[in-house]
Amino acid sequence: MSRGRSDGSQKKRLVASICVVAIFLGFLYVYGGSIFGSQSSGSSALEYGSRSLKRLGSSYLGAEDDTDDKQDESSTFRQGDGEDNIVPKSFPVCDDRHSELIPCLDRHLIYQMRMKLDLSVMEHYERHCPPAERRYNCLIPPPSGYKVPIKWPQSRDEVWKANIPHTHLAHEKSDQNWMVVNGEKIMFPGGGTHFHYGADKYIASIANMLNFSNNNLNNDGRLRTVLDVGCGVASFGGYLLSSNIIAMSLAPNDVHQNQIQFALERGIPAYLGVLGTKKLPYPSRSFEFAHCSRCRIDWLQRDGILLLELDRLLRPGGYFAYSSPEAYAQDEEDLRIWRDMSDLVGRMCWKIAAKRDQTVVWQKPLTNDCYLEREPGTHPPLCQSDDDPDAVWGVNMEACITPYSDYDNKAKGSGLAPWPARLTSPPPRLADFGYSNEMFEKDTDRWQRRVDRYWDLLSPKIKSNTLRNIMDMKANMGSFAAALRDKDVWVMNVVPHDGPNTLKLVYDRGLIGTTHDWCEAFSTYPRTYDLLHAWTVFSDIEKKGCSAEDLLLEMDRILRPTGFAIIRDKQSVIDFIKKYLSALHWEAIDSSPDSVQDGDGVFIIQKKLWLTSGSFRDTE
């Protein structure tokens, strides 16, 4: 009897133990996600796509998804309350080492995936986006000690060192006045590799070389858009702004890793890109002026293909200013390069407009006459008549000259009004899309009303200098940016690569922008824009089967802390985004129906300033 009682007692204890374990495991199952998902730093907070989080977006975390788990993309914004529609309470935070992650320009990805790229033609600096299973599903943290950026125009000359904690350029370029470390700030005296004594004096000297009135490079409004290749920290572009000239400052994520990051932190228009194998993401005849100051580019390689890409981008009669030892040095190698470049540009029908000291300025012809007068078989040849000079997204460069259309050839120029009238004057290339002047004017008026409404909604949160770097994620003809002409801001106008290529209209209005695919990450550093404007962008990517959650995480990466996003889309999109506000650390500012006619709603959010535990320790 006593033995039986002992066995029964043991069984009771065993049953009780099993119950306790089951309850504990249940607790972990229910609450474990929020406990472990809320880690703010450390390697465990950095994850690639995993099955446990796959419902955050099929293209973002789509590795090894079963067919039964696939969502119906057409119903992304019509979610119910089922298991397939789980919204995370929080996103993990990436490891602090990834505070400057640029997903499609990530050299670590190239090494890890063992991509076979030709380094001699800069393929490793071109875009290489991660496959779905290697995309990050975490929020990019700010660096330790991050502060709200200094406001424009003061930011042109100084930024917080904590925001971009890289001082190697200050030491490497100390003799050229690129930048100087001064306590908690990094100062920008305005120097460059070829203009140690200031970009302003250098710009005035080029204008003087070209006999422009008052030594002003804008040439009475006729010179408005500039491409600065190998721009450094973009002081050249920064000092052009006071002359009503806007430059696209371009540089790769190379050994001078953070030069474009510094440019954008300063509030100067800039873009990560390289003259490599692909066409630059700009339409033909976009710039009146191109500039290279010791940009370390071999213009003679591959039959002059890089110089021919500049030729594609220059308007009729456009200029290329080249400041480099080859323009003035007398040693044998520099003289050889100068002779070969002179021969190449001569066959391209460029003429020397001016040459003084260390700088030469070439000018592109106004018409096709010179091209047609060349000897048969002359290289570089003219591009084929069926080549589209405005098809650029992922398209290889070609070593050929882009001739002018019949219209441009007869016009003997771009036919554009001087700035600022150019901004609101119907551009000649409207006809390429079958758009009328009346359509252009109505579009301009419509967006002026909409932008005025946006500013009414933002007014409780912003001052005159709160915003500087703005991105219009679907710019169409650029009327959103045109409506901001009285604000001290600049706009990166983004045109989808698979829609009407209206980016050339944007440039013809004296604005700048780029082509892009919002199913991929944008070519910029984290925390570089104060305001993002997304007009039906979410609806558009839904049609393409891309993940809306991916886009939310990408917008968060691009936005500066305390920055804003304006989402203009159908109501179901806005309802969808509202579910993610807490996970993204976003705050709703306003949500209101804005247009009964097209059914759009407007939703404005502000990104909160949040720091990892390490950042808190550094700021206390």
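What share of the contacts in the chain between residues at least 6 apart in sequence join residues at least 24 apart? I looked this up before anything else. The share is 71%. I note here that the model is predicted.

**Entry: whole chain**

I went on to the totals. The chain has 620 residues, and 54% of them count as buried. The chain exposes about 27200 Å². Carbon and sulfur atoms supply 50% of that area. For secondary structure I noted 18 helices and 17 strands.

**Entry: helix 7 and helix 8**

Helix 7 covers residues 301-313, and helix 8 covers residues 332-347. At what angle do helix 7 and helix 8 pack? I noted about 60 degrees, with the axes 11 Å apart. Helix 7 is therefore oblique to helix 8. I also checked the handedness of the pair. The crossing of helix 7 and helix 8 is right-handed.

Next I listed the residues that meet. Helix 7 brings Asp303, Gly304 and Leu307. Helix 8 brings Met341, Leu344 and Val345. I sorted the residues of this contact by type: four are nonpolar, one is polar and one is charged.

**Entry: Asp556**

I turned to a single residue. Asp556 lies in helix 15, which runs over residues 548-558. Is Asp556 buried or exposed? Its relative accessible area is 1%, so Asp556 is buried, the cut-off being under 20%.

Which residues is Asp556 in contact with, leaving aside its neighbours within four places in sequence? I wrote down Leu139, Leu584, Trp586 and Lys607. I followed up on one of these partners, Leu139. Asp556 and Leu139 are 417 residues apart along the chain. Their C-alpha atoms are separated by 7.5 Å.

**Entry: recap**

Helix 7 and helix 8 pack at about 60 degrees. Asp556 is buried and is in contact with Leu139, among others.

Methods:
Residues numbered from 1 in each chain as written. Predicted model: local features only at pLDDT ≥ 70, side-chain atom pairs only at ≥ 80, totals over all residues. Heavy atoms only, no water. Axes fitted to C-alpha atoms, helices over the stretch in contact; angles between N-to-C directions. Helix = DSSP H or I, 4+ residues; strand = E, 2+ residues; numbered from the N terminus. Parallel < 35°, antiparallel > 145°, perpendicular 65-115°, else oblique. Left-handed = near helix turned anticlockwise from the far one by under 90°. Contact = heavy atoms within 4.5 Å. Nonpolar A, V, L, I, M, F, W, Y, C, P; charged D, E, K, R; others polar. Buried < 20%, exposed > 50% of the residue type's maximum accessible area, 1.4 Å probe, protein only. Areas by Shrake-Rupley, 256 points an atom, 1.4 Å probe, with all protein chains shown as cover.
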